[in-house]
Amino acid sequence: MKILFIPHVPNKNVINRVYELAKNSDGIVLDWYIDNSSLKNKIFSQAKTLMKTISLNENFLSLPLLFKPESFASYINTYMLNQVVKKYKIDVVVNANALLFDVERIEVPVIYDLVDDHLTKNLTIGLTEKRVKKIEKDIKHARGVVCVTESIEEKVKKIHPKTITIENGVYIDKFKKARSLKKEFGLENKKVFGYIGGVEEWTGIEKACEAYKQIKSSDTAMMIVGDSKSSFFQNLKKRFKNDIIFTGAVAPNEVANYFKTLDIGLIPFELNDFTNNAFPIKALEYGLGGAQVIATPLKVLEQKRLPYIHFCPIEDFPNWMQKIEKKEFSYDFTPYSWQNQAQKLLQFIKDVL
């Protein structure tokens with residue numbers, strides 16, 4: 001069975017759910033490039049993607065894609081996708097993208113991968129009412145739906161009965177081999193706080209930086225691993241450059257070392273339907289690295305009862321950052337391996353087909 005995976009957002013510089021599921025099920029991934037750092041870069045990157053030719057390089061598939069206007073673009077893109085499906089004899093499409101294609105018109109069975117709660121209007125991340133309705137329509141025409149959390153599955157089952165939860169995963173072996181980078185950063189005798197992952201405004205990263213600055217001392221350090229060309233993050237780096245280590249983007253095969261470096265990991269996400277129903281991969285990776293975690297009270301994370309995560313409002317982060325210490329804990333991460341999650345997906349596809 002040949003499976004084509006369509007990511008929500010293409011990004012090879014981070015651990016991406018769709019890429020990892022594809023890798024562990026021997027699938028093909030649709031590849032494109034988009035730069036949202038400025039209007040000029042956005043237009044240029046979209047034009048560059050539109051000029052691509054159809055090609056398959058190893059497990060990455062390229063084809064020309066149109067982005068605007070949305071309704072016309074999805075019509076053209078779906079036509080092009082069907083040509084690719086025929087050319088490369090694709091049996092199933094696993095689609096995590098909300099806008100680029102019309103599931104109803106894809107000529108092979110589609111599994112919709114709902115990587116976040118995209119069924120609730122949220123203008124801060126571009127989820128307009130029109131886009132939510134399109135996602136609902138696509139879900140109805142899919143053969144089955146995969147959700148990243150059980151709380152999202154509860155919503156989806158009102159639309160589509162063939163729905164399953166397959167959460168984000170981790171590479172357990174990589175963390176077993178990981179090493180601390182405290183010596184390289186000159187942090188051997190310090191209590192190291194850290195945030196690793198996306199650095200957009202909704203992640204609460206600015207408030208986490210403010211919290212750390214309140215408790216900063218000669219015995220502490222904080223690092224942020226991740227990057228963005230957005231004006232928000234560039235201004236953040238300038239504001240806290242004397243207080244916090246900004247490492248920039250780190251290659252996925254090296255990031256486990258950075259998790260291993262932290263004593264305390266931070267998940268300061270703002271609370272809304274989108275974040276409350278999310279299961280961030282970093283919640284597992286911090287634990288695999290041996291860190292304790294301070295997080296805002298995200299609904300899904302609270303339900304997981306992970307023994308190393310401690311919840312408090314963002315306003316209380318400074319208090320918790322002062323009193324919490326790294327300590328040993330026991331937890332079996334095996335059910336969350338990417339290999340295990342990919343096997344769940346393959347079995348689900350066979351069942352719904």
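Modeller: Gladly! A residue is called buried under 20% relative accessible area, exposed over 50%, and partly exposed in between, using a 1.4 Å probe and protein chains only. Y308 has 0% relative accessibility, so Y308 counts as buried. Please keep in mind that this is a predicted model, where local features need pLDDT of at least 70, side-chain atom pairs count only at pLDDT 80 or more, and totals for chains, interfaces and linings use all residues. Residues are numbered from 1 along each chain as its sequence is written, and side-chain values use heavy atoms, with hydrogens and water left out.

Colleague: Is T53 buried or exposed?

Modeller: T53 counts as exposed because its relative accessibility is 55%. T53 sits in the loop between α2 (39-50) and β3 (55-57); helices (H or I, at least four residues) and strands (E, at least two) are DSSP runs, numbered from the N terminus. Leaving aside residues up to four places away in sequence, T53 touches S62, L63 and P64, where contact means heavy atoms within 4.5 Å.

Colleague: What makes two rings an aromatic pair?

Modeller: Rings of Phe, Tyr and Trp (its six-membered ring) pair if their centres lie within 6.5 Å; planes under 30 degrees apart count as stacked, over 60 as edge-to-face and the rest as tilted. The whole structure has 12 aromatic pairs. In one of them, W202 and F274 have ring centres 5.4 Å apart and planes at 85°, so this pair is edge-to-face. W202 is in the loop between β9 (191-196) and α8, while F274 is in helix α11 (residues 273-276), so the pair ties together parts 72 residues apart in sequence. W202 is partly exposed at 28% relative accessibility, whereas F274 is buried with a relative accessible area of 9%.

Colleague: Which pair does Y308 form?

Modeller: Y308 pairs with F333 in a tilted arrangement, 6.0 Å centre to centre with 40° between the planes. F333 counts as buried at 7% relative accessibility. Y308, F329, Y331 and F333 form one aromatic cluster.

Colleague: Where does K174 lie?

Modeller: A charge sits over a ring if NZ of Lys or CZ of Arg is within 6 Å of the ring centre and within 35 degrees of the ring normal. K174 lies over the face of Y171, 4.6 Å from the ring centre. Likewise, K304 lies over the face of F279, at 5.5 Å from the ring centre.
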